[in-house]
Amino acid sequence: ASEGKDGASAAENTPPRVPQGKMGEHSSAFYSAGQFFFEYLVVVSLKKMPDGHYEPKITYQFPKHENLLKGQKEEEERLLQAIPLFCFPDGNNWAPITEFTSETFSFVLTNVDGSRKIGYCRRLLPSGRGVRLPEVFCIISCLGCFGLFSKILDEVEKRRQISMAVIYPFMQGLRESPFPAPGKTVTIKSFIPEAGTELIELTRPVDAHLEHVEFQALLQRLSPHLILHIFASAMLERRLIFLAEELSVLSQCIHAVAALLYPFTWAHTYIPVVPECLLDTVCCPTPFMVGIQMRHLERVLEQPMEEALIVDLCEGKIIRAVGDEEEILPRKLQNEMLVSLNRHNNNNNVHTLEQVNALVSEAFVHFFVRLVGHYASHIKWGRSGSGSFQERTFCKAITSKSCRRLLKKFVKTNMFSLFIEEAEKSRIPQEGNG
């Protein structure tokens with residue numbers, strides 16, 4: 001029940017096996033306005049088993065779907081089976097506690113038909129006295145907008161401290177509201193006992209491809225130099241493992257790394273937080289981008305895995321590398337990006353998350369424009385209207401030897417092939433240079 005491309009679909013496997021799909025976070029369907037905000041709100045609680053350990057179980061689901069067709073019912077059951085595993089990916093080592101700082105993280109699931117759903121999670125400790133167990137409020141949506149759903153989870157957490165019953169009317173109001181277009185706001189009316197009616201405004205960012213991303217999370221933990229090594233490895237579709245203890249750090253940083261590839265999309269296994277029972281994912285011989293909690297580091301290093309880039313997000317360092325990361329990107333373009341990242345890393349220049357997102361994204365988009373921006377003029381159009389990409393002339397058109405060397409590797413990647421397939425269908429004006 002996770003992102004990727006290289007294995008079977010969810011129809012052929014049931015959790016905890018991870019079915020594969022494609023990461024299409026930048027597709028238009030992913031961001032279309034007017035849809036339901038969410039499909040489900042579920043509460044996942046820890047239930048004590050006969051042997052004494054705790055297991056995550058769904059204890060609340062809204063809405064309850066009646067009269068589903070057989071196929072829809074099976075799909076819902078698979079989804080509801082997978083959710084607890086990703087809400088408590090850190091295993092069964094829980095015990096009742098008195099204090100816990102709530103955390104927000106997300107995961108991605110792939111359906112039988114290849115469509116994607118995102119789980120936005122808030123793990124918190126219910127109000128009360130004495131020892132108690134944390135629970136997770138998880139909103140399942142096909143819409144990618146982390147900031148917006150974080151705000152919704154703030155409202156859910158606020159209501160949870162009063163009563164579970166106060167959450168229902170708020171989520172019902174949200175479900176009856178259309179998802180806003182980029183840059184637009186939707187207002188939800190919500191009644192809270194003793195506080196009266198509240199108006200909650202939810203605004204969607206203008207730039208749709210950045211609304212699931214916080215580059216600041218990456219910049220705070222890794223040096224610009226290291227970010228470029230990671231970017232170069234992702235660009236060549238290698239195996240990447242990220243380590244941190246907090247689920248929020250893992251999911252934020254991995255979403256940010258994937259977003260650096262825009263306008264291309266990572267098309268392989270993609271699991272921001274790998275549940276403990278799926279740690280053997282790192283033995284996969286195909287490309288992957290995964291996040292693993294630091295407590296599992298020894299187990300990961302003991303696995304018989306192929307070459308991979310292993311990044312420690314806590315210490316801001318590489319634990320294991322292929323060895324050629326420094327040489328992948330052309331020196332001149334690499335230096336330009338370093339200057340850009342160092343400038344954006346300076347908080348005196350940038351104040352808001354939106355500004356950081358826009359400026360960092362711009363630096364990487366500019367890199368791709370310099371490297372592959374001439375692709376449109378190397379699509380040969382037939383009389384029938386179908387396009388045929390001329391790979392050889394496309395690569396030869398680059399005069400820089402170092403750029404051409406990288407380009408020859410990049411054109412063989414899955415992400416470039418998918419991008420060109422779309423371009424061949426879309427009849428791009430010949431005069432444009434991309």
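Helix axes here are lines fitted to C-alpha atoms over the stretch in contact, and angles between them run from 0 to 180 degrees between N-to-C directions. The model is predicted. In it, helix α5 (residues 224–235) packs with helix α10 (residues 353–372) at an angle of about 50 degrees, their axes being 13 Å apart.

**Helix packing**

- Two packed helices are described by the angle between their axes and the distance between the axes.
- At about 50 degrees and 13 Å between axes, α5 is therefore oblique to α10.
- The crossing in which α5 passes α10 is right-handed.
- From α5, the residues Ile227, Leu228, Phe231 and Met235 meet Phe364, Phe367, Phe368 and Leu371 of α10.
- By class, the residues in the contact of α5 with α10 are 8 nonpolar, no polar and no charged.
- Helix α10 also crosses helix α12 (residues 401–410), at roughly 95 degrees, and the axes of the two come within 10 Å.
- Angles from 65 to 115 degrees count as roughly perpendicular, so α10 is roughly perpendicular to α12.
- On the α10 side the contact is made by Phe367, Phe368, Leu371 and Val372, and on the α12 side by Cys403, Leu406, Leu407 and Phe410.
- The contact of α10 with α12 likewise divides into 8 nonpolar residues, no polar and no charged.
- Phe367, Phe368 and Leu371 of α10 take part in the contact with α5 and also in the contact with α12.

**The five-stranded sheet**

- Strands of a sheet pair through backbone hydrogen bonds, either parallel or antiparallel.
- An open sheet of 5 strands runs in the order β9-β10-β8-β11-β12, and its pairing is mixed.
- The edge positions belong to β9 (269–271) and β12 (317–320); each has a single partner strand, so one side of each has no neighbour in the sheet.
- From one strand to the next, the twist averages 25 degrees.
- Strand β11 (residues 309–312) and β12 run antiparallel and are joined by 3 bridges.
- Across from Lys317 in β12 stands Asp312.
- Helix α6 (residues 247–259) packs on the sheet, where it touches β8 (239–244), β9 and β10 (288–293).
- The direction of α6 makes about 165 degrees with that of β10.

**Salt bridges**

- Side chains of opposite charge can pair when their charged atoms come close.
- The structure has 19 salt bridges.

**Backbone features**

- Most residues other than glycine have a negative phi, and most peptide bonds are trans.
- The bond from Phe62 to Pro63 is a cis peptide bond, with omega near -10 degrees.
- Pro63 is placed in the loop between β2 (54–62) and α1 (70–87).
- Tyr262 and Pro263 are also joined by a cis peptide bond, with omega about 15 degrees.
- The loop between α6 and β9 holds Pro263.
- Glu237, a residue other than glycine, has a positive phi, near 55 degrees.
- Glu237 is located in the loop between α5 and β8.

Notes
Residues are numbered from 1 along each chain as its sequence is written. This is a predicted model: local features need pLDDT of at least 70, side-chain atom pairs count only at pLDDT 80 or more; totals for chains, interfaces and linings use all residues. Side-chain values use heavy atoms; hydrogens and water are left out. Helices (H or I, at least four residues) and strands (E, at least two) are DSSP runs, numbered from the N terminus. Angles under 35 degrees count as roughly parallel, over 145 as roughly antiparallel, 65 to 115 as roughly perpendicular and the rest as oblique. A crossing is left-handed if the near helix is turned anticlockwise from the far one by less than a right angle, and right-handed if clockwise. Contact means heavy atoms within 4.5 Å. Ala, Val, Leu, Ile, Met, Phe, Trp, Tyr, Cys and Pro count as nonpolar, Asp, Glu, Lys and Arg as charged, and the others, Gly among them, as polar. Two strands pair if DSSP finds at least two bridges between them. A salt bridge is a side-chain nitrogen of Lys or Arg within 4 Å of a carboxyl oxygen of Asp or Glu.
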